[in-house]
Amino acid sequence: MILNTIRECDFSGKKALVRVDFNVPIKDGVVTDDTRIRAALPTLTYLLDNGASLVVMSHLGRPKGKKNPEFSMAPIAKRFSELLGKDVQLANDVIGDEVAKQVSSMKAGDVLLLENVRFYSGEEGNDPGFAKNLASLGDVYVNDAFGTAHRAHASTEGVSHYLPSYAGFLIEKEVKFMAPLLSNPEKPFVAIIGGSKVSSKIGVLESLVKTCDSIVIGGGMAYTFLAVQGHTIGKSLVEEEYKDVASSFLAKAKEKGVQVILPVDHLCGTEFKDDTEAISVDAADIPENLIGMDIGPKTISMIVDVVNTAKNVVWNGPMGVFEFDAFAGGTLAVAKALAESKATSVVGGGDSVAAINKFNLADKISHVSTGGGASLEFLEGKVLPGIKALEKLK
Ligand code: ADP
Ligand code: MG
């Protein structure tokens, strides 16, 4: 997968239509977490330093195709301007005559933020007319919104049919770290997959089993696998309808010579509650009345050992109910193992990334993906429409 990147374009005197992910939390008209705005700054300042003017666009929340002041980009324009250290004009619409007029009077170095692209149903519907209208606001298109790259929307895919299209630094980095995991990872390659459900992670397991040497299965989904191996799982999470899928996955891994590591001990509770007493179970089998809520110390040390042999590790999905402090230990241990490892480490998935941030370990990981759903689909080996739109040979 070779992308056109912004390094390959001369932006001098050009209007760059840039799709970013400014879908940030807002409370009482104030941005409460500006991480995503900061993340887009390297690309945006690079474009400005290279002589462009910027027409910046993003979605915010779910206004469902209608103009709704509740979902206005106004609070974002303010924070964006502070972080960029220069004036940012906020357009009063996404497309239309007034916006076109504002854009035509822009000079190099000017920055205009469009209103919420989801004020129009043509955005999520990827309507060609709407995409063409958006495209008319720029000379070139830059996409740096990895988090929405799995959606074929007008601002993430449609516009690329009308303008020369380039990947910003964020998307470039995502692809640089994730694409090799599916084709030629450095070996040994270890995949650690957790989370609540087999149904939502089976695609990733099936995809990574093709390239990995060892695969750790933890979290709530592990109990379905343990059950098909004949272990008792007490009252733990189980997806009866996925038992066949789980057992054929185990057979496939065996056939390929891929080591599968499942929990050999657990931390359990009697109720699925924050204050349930944490009970250690020093065996793979879980007694009848207990719920498996985290991996135990023996499992943790197996994971640490396998991570220490790895050259490349990918982690998606928490090892336990990390939202409850008593059951966060397994997830914390995996996060630490990755942070301390010399391997190239990649973390993707909304909750796993939240866990890494909660433990303040993000800067010790080679790559923390900026997209939850998008990174999952990428690891499943699916074609992401927003990425495909930036490929050299479409
Ligand atoms: P990600 O967002 O990283 O892809 P998922 O959304 O698949 O991860 O899974 C995260 C959820 O899995 C968390 O809310 C966590 O509480 C839950 N989970 C982990 N282990 C268990 C368990 N043993 N029982 C029930 N839920 C679990
Ligand atoms: Mg999740």
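This note walks through some features of a predicted model, point by point.

1. **F22.** You will find F22 in the loop that runs between strand 1 (15-19) and strand 2 (26-27). Is F22 buried or exposed? Its relative accessible area is 0%, so F22 is buried. Beyond its neighbours within four places in sequence, F22 is in contact with R36, I37, A40, L44, V56, S58, H59, L60, M73, I76, F80 and L113.

2. **H59.** This residue sits in the loop between strand 4 (53-57) and helix 2 (74-84). H59 counts as buried because its relative accessibility is 5%, and buried here means under 20%. With neighbours within four places in sequence left aside, the contacts of H59 are R19, D21, F22, N23, N116, V117, R118 and T148. With one of them, R19, there is a polar contact between the two side chains, at 3.1 Å.

3. R36 is placed in helix 1 and is partly exposed, at 37% relative accessibility. Leaving out neighbours within four places in sequence, R36 is in contact with D21, F22, N23 and V24. R118 is in the loop between strand 6 (111-113) and helix 4 (121-124). At 8% relative accessibility, R118 counts as buried.

4. **Aromatic pairs.** How many aromatic pairs does the count come to? The count is seven. One of them joins Y46 and F169 edge-to-face, with 5.1 Å from centre to centre and 75° between the planes. This pair links distant parts of the chain, with Y46 in helix 1 (residues 35-49) and F169 in helix 6 (residues 169-182), 123 residues apart. Y46 has a relative accessible area of 24%, so Y46 is partly exposed.

5. **A second pair to look at.** The ring centres of F225 and F249 are 6.1 Å apart. Why is this pair edge-to-face? It is edge-to-face because the planes of F225 and F249 stand at 80°, and the cut-off for that label is over 60 degrees. This pair, too, links distant parts of the chain: F225 belongs to helix 8 (residues 222-228) and F249 to helix 9 (residues 243-256), 24 residues apart. F225 counts as buried at 0% relative accessibility, and F249 is buried with a relative accessible area of 0%.

6. **Around ligand 1.** Of the 20 residues around ligand 1, those that come nearest are K201, G292, E323, D351 and S352. Backbone atoms are worth a look here. A backbone N or O atom of G292 lies 3.0 Å from a nitrogen atom of ligand 1. S196 has a backbone N or O atom 3.2 Å from an oxygen atom of the ligand 1 molecule, and G350 has one 3.3 Å from an oxygen atom of ligand 1.

7. **T276.** The loop between strand 12 (266-269) and strand 13 (279-281) holds T276. T276 is buried, with a relative accessible area of 8%. A polar atom of the T276 side chain lies 3.1 Å from the backbone nitrogen of T270. Not counting residues up to four places away in sequence, T276 touches G269, T270, E271, M293 and F327.

8. **S345.** Lastly, S345 lies in strand 16 (residues 344-347) and is buried, with a relative accessible area of 1%. Residues up to four places away in sequence aside, S345 touches V313, L338, K364, I365, S366 and H367.

Key:
Residues are numbered from 1 along each chain as its sequence is written. Chains are lettered from A and ligands numbered from 1 in the order in which they are written. This is a predicted model: local features need pLDDT of at least 70, side-chain atom pairs count only at pLDDT 80 or more; totals for chains, interfaces and linings use all residues. Side-chain values use heavy atoms; hydrogens and water are left out. Helices (H or I, at least four residues) and strands (E, at least two) are DSSP runs, numbered from the N terminus. Buried means under 20% relative accessible area, exposed over 50%, partly exposed in between (1.4 Å probe, protein chains only). Contact means heavy atoms within 4.5 Å. A polar contact is a pair of N or O atoms within 3.5 Å; within protein, one must be able to donate a hydrogen and the other to accept it, and residues adjacent in sequence count only if both atoms are side-chain atoms. Rings of Phe, Tyr and Trp (its six-membered ring) pair if their centres lie within 6.5 Å; planes under 30 degrees apart count as stacked, over 60 as edge-to-face and the rest as tilted. A residue is near a molecule or strand if one of its heavy atoms lies within 4 Å of it.
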